[in-house]
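Colleague: I would like to learn how to read the computed features of a model. Please take them one at a time, with the general idea before the case.

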Amino acid sequence: MSKEIFIVYVTYIDCVELMCAFETKESAEAKCFELNRQWVSENSFNQYIKDNKVTQISLETYNDYYLKVEDDSYVGINRIVLEP
């Protein structure tokens, strides 16, 4: 039976700065949200929030931000399936 894990990672410029593994998607998303708050360019993100009239910040907000604005850091999640 295969097992699924979720890898949360932080890249800064061209380097992987941090990588964590979680057994549940919920745990990975919580860590991803926390790391986004720490690593995102605060000035750029605040301007994005203001320009787009975002009222509630979620993981989707951060994902949309990374698609539209260049930032030196990026926080993401990858799903990995482990085969026996």
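Modeller: Start with charge: Lys and Arg count as positive and Asp and Glu as negative, while His and the chain ends are not counted. The place of a charge is taken as NZ of Lys, CZ of Arg, CG of Asp or CD of Glu. In this protein chain there are 8 positive and 15 negative side chains, and the centres of the two sets lie 6 Å apart.

Colleague: What kind of model is this, and which residues do the values rest on?

Modeller: The model is predicted; local features need pLDDT of at least 70 and side-chain atom pairs count only at pLDDT 80 or more, whereas totals for chains, interfaces and linings use all residues. Residues are numbered from 1 along each chain as its sequence is written, and side-chain values use heavy atoms, with hydrogens and water left out.

Colleague: How many helices and strands does the protein chain have?

Modeller: Helices (H or I, at least four residues) and strands (E, at least two) are DSSP runs, numbered from the N terminus. The protein chain has three helices and three strands, in the order β-β-α-α-α-β from the N terminus on. Its C-alpha trace spans about 50 × 30 × 20 Å along the principal axes.

Colleague: What part of the protein chain counts as buried?

Modeller: Buried means under 20% relative accessible area, exposed over 50%, and partly exposed in between (1.4 Å probe, protein chains only). By that cut-off, 29% of the 84 residues are buried. For the area itself, the Shrake-Rupley method with a 1.4 Å probe is used, and for residues only the protein chains shown count as cover. The protein chain exposes about 6,100 Å², of which carbon and sulfur atoms supply 48%.

Colleague: What share of the contacts joins residues 24 or more positions apart?

Modeller: A contact means heavy atoms within 4.5 Å. Among contacts with a separation of 6 or more, residues 24 or more positions apart account for 57%.

Colleague: Which residues of helix 3 are buried?

Modeller: Helix 3 covers residues 59–68, and its buried residues are Leu59, Thr61, Tyr62, Tyr65 and Tyr66. Seen down the helix axis they fall within an arc of 155 degrees, so they line one face of helix 3; the arc is that of the directions from the axis to the C-beta atoms. The face turned away from this buried side carries the exposed residues Glu60, Leu67 and Lys68.

Colleague: What do the buried residues of helix 3 pack against?

Modeller: They pack against helix 1 (25–39), helix 2 (42–51) and strand 3 (73–82). Take Thr61 as a case: its relative accessible area is 8%. Leaving out residues up to four places away in sequence, Thr61 touches Phe45, Tyr48, Ile49, Val54 and Gln56.

Colleague: How many aromatic pairs does the structure hold?

Modeller: Rings of Phe, Tyr and Trp (its six-membered ring) pair if their centres lie within 6.5 Å; planes under 30 degrees apart count as stacked, over 60 as edge-to-face and the rest as tilted. The structure holds nine such pairs. Tyr9 and Tyr74 form a tilted one, at 6.1 Å centre to centre and 45 degrees between the planes. Tyr9 lies in strand 1 (residues 3–12) and Tyr74 in strand 3, so the pair ties together parts that are 65 residues apart in sequence. Tyr9 counts as buried at 19% relative accessibility, and Tyr74 is partly exposed at 31%.

Colleague: Why does the pair of Phe45 and Tyr62 count as stacked?

Modeller: The ring centres of Phe45 and Tyr62 are 4.6 Å apart and the planes meet at 10 degrees, so the pair is stacked. Phe45 lies in helix 2 and Tyr62 in helix 3, so this pair ties together parts that are 17 residues apart in sequence. Both residues are buried. Phe45 and Tyr62 also belong to one aromatic cluster with Tyr9, Phe33, Tyr48, Tyr65, Tyr66 and Tyr74.

Colleague: Which residues have a positive phi although they are not glycine?

Modeller: Most residues other than glycine have a negative phi. Ile13 has a positive phi of about 60 degrees. It lies in the loop between strand 1 and strand 2 (15–22) and counts as exposed at 56% relative accessibility. Lys53 has a positive phi too, near 50 degrees. Lys53 lies in the loop between helix 2 and helix 3, and at 69% relative accessibility Lys53 counts as exposed.
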